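Subject: Handing over a structure

Hi there,

Here is the structure I promised to pass on to you. Have a look at it first, and then read on for my notes.

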Amino acid sequence: MTEEFHRIRRLPPYVFAEVNQAKAQARARAEDIVDLGMGNPDSPTPPHIVAKLVEAVQNPSTHGYSASKGIPGLRRALAGYYVRRFNVELDPETEVVATLGSKEGLANLAAAISSPGDTILVPNPSYPIHQFGFIIAGASVRSIPHTPDHAMLEALDRAVRHSVPKPTALIVNFPSNPTGLMADLDFYRELVAFAKKHEIYILSDLAYAELYYGDRVPPSILEVPGAKDVAVEFTSMSKTYNMAGWRMGFAAGNRKLISALTRVKSYLDYGAFTPIQVASTAALNGPQDCIDEMRKLYKERRDVLVKGLKQAGWDVPVPEAGMFVWAEIPERFRNLGSVEFSKLLLARAKVAVAPGLGFGEYGDTHVRIAMVENTQRIRQALRGIRGFLQGDNAGPAIEVGSDGVKA
Ligand SMILES: Cc1ncc(COP(=O)(O)O)c(C=O)c1O
């Protein structure tokens with residue numbers, strides 16, 4: 001019998017598991033850990049969306065298998081959102097497919113369009129499925145920097161010139177998880193022109209489309225004229241409407257890619273539970289003030305967090321968008337790497353964060369701090385961090401044992 005399965009052999013141990021285990025052990029010892037690790041929204045789904053789900057579930061005709069590509073009204077609602085928000089027209093029949101969260105869509109599109117021997121250009125650091133969707137599909141991944149500027153375009157150019165065979169697709173994710181960086185339309189114009197020139201597909205992940213805090217509003221790559229010739233874009237209900245557990249997202253854009261994803265999905269699933277699709281339709285078509293409130297909430301948390309970290313001596317960039325602070329590890333701890341530093345922060349400051357290594361090797365100089373607890377808990381986390389950074393732990397080279405405690 002096979003010793004180890006080929007695809008499983010390509011999946012390294014889950015980086016976050018070590019910190020998660022240390023967190024579980026601390027909690028088992030009744031320690032109060034402020035968990036700013038995972039990007040799991042803590043606020044409830046708005047009541048009118050929940051009410052629609054409850055109403056739909058009372059109707060027995062919703063209880064059977066649903067439509068894998070999404071019910072027509074839901075695909076129309078997503079097309080309506082693109083018109084309102086981006087002034088982009090989509091044909092709900094051929095240019096939109098509903099997915100079981102955008103993560104599922106990204107993974108199944110990777111399976112649909114790549115095979116062993118293909119090369120895909122993937123940002124590093126980035127959300128893990130961007131890379132591992134293709135790794136699971138057997139393709140090879142080439143890391144590229146993920147800054148929406150000329151450095152990235154030059155790196156892409158180099159990657160295309162030096163990859164054999166030529167890359168077939170490129171992933172981008174702005175606003176980015178984990179960095180919070182945001183692209184503008186001029187950057188997307190250059191990216192689309194580059195992709196057309198080299199005949200490369202673009203997969204744009206716009207999961208954080210609505211989480212922005214300043215005057216700059218995240219654009220869609222599909223706003224670029226002709227982008228649909230090469231690009232598909234993923235959006236998600238998870239963060240926009242606090243519906244992470246509902247598992248509802250979308251892919252929209254290039255017909256060939258949408259058709260490939262729809263085809264693979266037709267073999268794999270029967271669509272999300274119809275009441276979830278009905279409630280998601282209501283969310284997209286209904287009042288949008290819940291999104292303004294959510295933005296206000298995250299902005300307040302962001303400001304408390306960034307200011308408090310600065311007062312603790314940890315200067316971090318202010319994210320313009322997304323739900324994370326991407327913090328470079330303070331210099332005197334940098335030799336530890338992000339996993340050991342995260343364990344140390346947990347042990348000493350009683351705060352859980354995500355080690356940057358979990359987003360790729362170029363993330364190992366940073367940790368990601370998610371704004372998923374209320375300001376009171378964030379202040380508690382900041383007291384712990386300040387005590388840790390300004391306390392007597394602050395020696396230059398701290399040795400850390402497997403439990404995250406100074407050896
Ligand atoms: C950049 C990015 N893309 C996609 C996802 C997955 O979202 P969904 O819940 O729609 O699968 C996340 C979730 O955190 C994310 O950060």
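Is Phe 86 buried or exposed? Phe 86 counts as buried, at 5% relative accessibility; buried means under 20% relative accessible area, exposed over 50%, and partly exposed in between, with a 1.4 Å probe and protein chains only.

Before you go further, please keep in mind that this is a predicted model, where local features need pLDDT of at least 70, side-chain atom pairs count only at pLDDT 80 or more, and totals for chains, interfaces and linings use all residues. Residues are numbered from 1 along each chain as its sequence is written, and side-chain values use heavy atoms, with hydrogens and water left out.

Aromatic pairs

Let me stay with the rings for a moment. There are 14 aromatic pairs in the structure, where rings of Phe, Tyr and Trp (its six-membered ring) pair if their centres lie within 6.5 Å; planes under 30 degrees apart count as stacked, over 60 as edge-to-face and the rest as tilted. Phe 86 has a partner in Tyr 81: the ring centres are 5.7 Å apart and the planes stand at 85 degrees, so this pair is edge-to-face. Tyr 81 is buried too, with a relative accessible area of 10%.

Another edge-to-face pair is made by Trp 314 and Phe 341, with 5.8 Å from centre to centre and 90 degrees between the planes. This pair links distant parts of the chain, 27 residues apart: Trp 314 is in the loop between helix H12 (289–311) and strand E9 (324–328), and Phe 341 is in helix H13. Helices (H or I, at least four residues) and strands (E, at least two) are DSSP runs, numbered from the N terminus. Both Trp 314 and Phe 341 are buried.

Salt bridges

Side chains of opposite charge can pair when their charged atoms come close. The count here is 25 salt bridges, each being a side-chain nitrogen of Lys or Arg within 4 Å of a carboxyl oxygen of Asp or Glu. One of them joins Lys 343 and Glu 18, at 2.8 Å from N to O. Lys 343 belongs to helix H13 (residues 337–349) and Glu 18 to helix H2 (residues 15–28), so that this pair, too, links distant parts of the chain, 325 residues apart. Lys 343 is buried at 4% relative accessible area, while Glu 18 is partly exposed at 39%.

Arg 29 and Glu 31 form a salt bridge at 3.1 Å, N to O. Here Arg 29 is exposed, at 54% relative accessibility, and Glu 31 is partly exposed, at 23%. Arg 302 and Asp 303 also meet in a salt bridge, at 3.1 Å; Arg 302 is buried at 9% and Asp 303 partly exposed at 34%. Elsewhere, salt bridges that share partners join Arg 85, Glu 210, Asp 292 and Arg 295 into one network.

Two helices in contact

Finally, please look at helix H5 (residues 102–113) and helix H6 (residues 128–136), whose axes come within 8 Å and cross at roughly 30 degrees. Axes are lines fitted to C-alpha atoms, for helices over the stretch in contact, and angles run from 0 to 180 degrees between N-to-C directions. The contact (heavy atoms within 4.5 Å) involves residues including Leu 106 and Ala 110 of H5 and Ile 129 and Phe 134 of H6.

Enjoy exploring!

Best wishes
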